Amino acid sequence: MIHRYQSGGFNIVLDVNSGGVHVVDEMTYDLIGRIEVDAENGMSDEDILSKYGAGMSDEEKEALEELLALRRDDMLFSKDIYEPYIDAFLQRETVVKAMCLHIAHDCNLGCKYCFAGEGEYHGDRGMMSFEVGKKALDYLVEHSGSRKNLEVDFFGGEPLLNFEVVKQLVAYGRSIEKEKNKNFRFTLTTNGTLLTDEILEFANKEMGNLVLSIDGRKAVHDNMRPYRGGKTGSYDKIVPIYQKAAESRNQMNYYVRGTYTHYNTDFAADVLHMADLGFKQISVEPVVAPTEEPYALTLEDIPTLCKQYDILAEEMLRRRKEGKGFNFFHFMIDLAGGPCVAKRLSGCGSGCEYVAVTPWGDFYPCHQFVGEEEFLLGNVDDGIVNTDLQKKFHACNVYSKEACKNCFAKFYCSGGCAANAYHFHNNINAAYEIGCELERKRVECAIMLKVAESAEEDTEN
Amino acid sequence: MIMIYGGSIMKHVKTLNTRDFKKSMKKGGCGECQTSCQSACKTSCTVGNQSCEQAK
C-alpha cells in the first residue's frame, strides 16, 4: 500500500507498510500512479516491464527499473504482514505503565469546551487525598511488571488547587522508585493561573514534562478560557508566567498546549502567535465536542483546517531557515528512530497500559471516560475488577477497526482515540471521522517537513 | 537527483532514512516508550511522533 501526495513542492510517496518515504521527480510520480494496481497485486517485474515499458523513453524505463528495485527490497508496494504478529503481541500479560491522576475535580476556570464539565467530570467536586494517590502509585508499581519507566500525569480539573498532595505524591514516588527498580516520569498539566515561582521551581526539579494550557491569541483564548463566571479571561495572567516557565526549562520538556474550535478555524495564527511569544514547544489540538455545541468542528470545516495546517507547515519551514524554528507537536515525527511496529499498531493503551484515577480512587480507561459509570474499571483498593471491559480495550488495535484498514496513516495514530470513537459512534472500535481527516493531514505535513529538511541538508552538502 | 540506494544509482527516487517497520518486529514491543496521552495530547492519539526508548 502506498500513499502519493504533493506538498511543499515535493512529490512524496509513502510506502505504508514499511514506513519508507520516497521523494520522486514528476515523471516518476505519475509512473507510480500508473503501475500502482498491478504492482500492488504482485505482477512480476518482467510483466510490468513488458506491459508498461513499450513506448517508454529511456528515462521512463530507468525510473521504472528504480521503482521495481525498491519493490524487490520491500520498500515500495510492500505487504502488510503484521496482523498475526499483533495478535500474538496482544496475548501478552497486561501491565499498567501510565496513570492520569485526577488530583482535583475542580477548577478555577470555566473553559467552555472542557470535557470535564468545569472540572468535576459530571459528578461531584473533590480533591484526591494523599492516601488515595499513594494507593494508586502502589497499584501502578505492583502491576507494571518489568516496565521500568512509569508515567504519572497530575491532571484535573486544575491540579494546582491540590498542590500539597502533588508534592506529597512526588516525594512518595521518589522514595520507593529505587527499591522497586522503577523510574517515575511525572507530568503536570495546568491552566497556569496558580503557577507560582515556588511551584515552578518544584516542577523544574520533579516534572519531566510540563503542559501549560493556552489557546493562542488573547481574544481566542479569553473567549474559551475565562475564569468561572465567564467575565474575565485568563490570558493576561498566564502569558508572563508561561514565558518564565519556558525559559526556566531552557525551552525544553514542556508544551504550551491549546485547543482550537469552530470559532478559530484560522488556528495557524494562534500557533504562530505562541511562537511569536517566544515558545518553542507548541501543541494545538482540534476540539472534540458534541456536534450540537456551537464551537464543535464540522465536516464542512475540514478543508479550511487542512489549509491551515499547510499554512503552518510552510511558515514553520520559513522560520526554521531564518533560525527562528519551533516544534509543533502534531508535526513532530521521528522517521529514523520512531516507535516499533508493535507500538504503532497496538492502540493507545487506554484501559490497559494506561488508566485514569478519580479523586476517590476509581479507575477508568482514560481521562475522557471518567464519570461514565459503564466504563468504571475498578478502584485503588480492589484493583481492576471489570476485566470484561479491560479485555475490550485490550483487543482494541488497528486491525480491530474497519476504518483503519485502508488508511495510510494507521501506523502514525495507532487506530486513533477510543474515547472519541465511543462518544461519536458508541463503539470504541469505530473511527471519529473529523479526527481521522485531520490526523491524515498532519501526517502528510509532518513527513513533508522531514523531506524539506533532508533537501536542505542536500543543498548544504 | 542522483543517490545511491542498495548499491544502485537512483536518479529519479530519493529515499529518506526511515526505520523499517518490518525489522522492528524483531526487537520491538518492550513497552518502555511513552504512552500517547501522557505527552501533549489528551484528545487525539499520536504515536508516530514519539521516539523509541531503545533508539535513544
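A residue is called buried if 20 or more other C-beta atoms lie within 10 Å of its own, exposed if 12 or fewer do, and partly exposed in between, with the C-beta atoms placed from the backbone. The structure discussed here is a predicted model, in which local features need pLDDT of at least 70 and side-chain atom pairs count only at pLDDT 80 or more, while totals for chains, interfaces and linings use all residues. Residues are numbered from 1 along each chain as its sequence is written, and chains are lettered from A and ligands numbered from 1 in the order in which they are written.

Gly110(A) shows how the definition is applied. Because 18 other C-beta atoms lie within 10 Å, Gly110(A) is partly exposed. Gly110(A) is located in the loop that joins strand S5 (104–105) to strand S6 (126–127) of chain A; here helices (H or I, at least four residues) and strands (E, at least two) are DSSP runs, numbered from the N terminus. Leaving out residues up to four places away in sequence, Gly110(A) touches Glu118(A), Pro226(A), Tyr227(A), Arg228(A), Gly229(A) and Gly230(A), where two residues are in contact if their C-beta atoms, placed from the backbone, lie within 7 Å. With Pro226(A), the separation is 116 residues in sequence and 5.8 Å in space, C-alpha to C-alpha.

Val220(A) belongs to helix H8 (residues 218–224) of chain A. Val220(A) has 24 other C-beta atoms within 10 Å and is therefore buried. Apart from neighbours within four places in sequence, the contacts of Val220(A) are Asp215(A), Asn264(A) and Asp270(A). Between the C-alpha atoms of Val220(A) and Gln281(A), which are 61 residues apart along the chain, there are 19 Å.

Burial can also be described for a whole strand. In strand S11 (residues 281–286) of chain A, six of six residues are buried. Strand S10 (residues 254–260) of chain A pairs with S11(A) in the parallel sense over five bridges; two strands are said to pair if DSSP finds at least two bridges between them. Within this pairing, Tyr260(A) has Pro286(A) of S11(A) as its bridge partner.

The next subject is the packing of helices. Two packed helices are described by the angle between their axes and the distance between the axes. Helix H5 (residues 130–142) and helix H6 (residues 163–177), both of chain A, pack at an angle of about 35° with their axes 10 Å apart; axes are lines fitted to C-alpha atoms, for helices over the stretch in contact, and angles run from 0 to 180 degrees between N-to-C directions. On the side of H5(A), the contact is made by Phe130(A), Gly133(A), Lys134(A), Leu137(A) and Val141(A), and H6(A) contributes Val165(A), Gln168(A), Leu169(A), Tyr172(A), Gly173(A) and Ile176(A). By class, this contact has seven nonpolar, three polar and one charged residues, where Ala, Val, Leu, Ile, Met, Phe, Trp, Tyr, Cys and Pro count as nonpolar, Asp, Glu, Lys and Arg as charged, and the others, Gly among them, as polar.

Chain B has one helix and three strands, which follow the order β-β-β-α from the N terminus. Of the 56 residues in chain B, 54% are buried. In the contact between the chains, 42 residues of chain B meet 68 residues of chain A. Strand S2 (8–10), strand S3 (13–15) and helix H1 (24–27) of chain B each supply at least two residues of the side that touches chain A, and S3(B) gives the most, with three residues. The residues on this side of chain B divide into 14 nonpolar, 21 polar and seven charged.

S3(B) also takes part in a sheet with chain A. Strand S3 (residues 20–24) of chain A and S3(B) pair in the antiparallel sense over three bridges. Val24(A) stands opposite Val13(B), and Val23(A) stands opposite Lys14(B). Four strands form the open sheet, in the order S1(A)-S2(A)-S3(A)-S3(B), with antiparallel pairing. Strand S1 (2–7) of chain A and S3 of chain B stand at the edges with a single partner strand each, so one side of each is left without a neighbour in the sheet. From one strand to the next, the twist averages 25°. Helix H16 (residues 433–460) of chain A lies across S1, strand S2 (10–15) and S3 of chain A, and runs at about 115° to S2(A).
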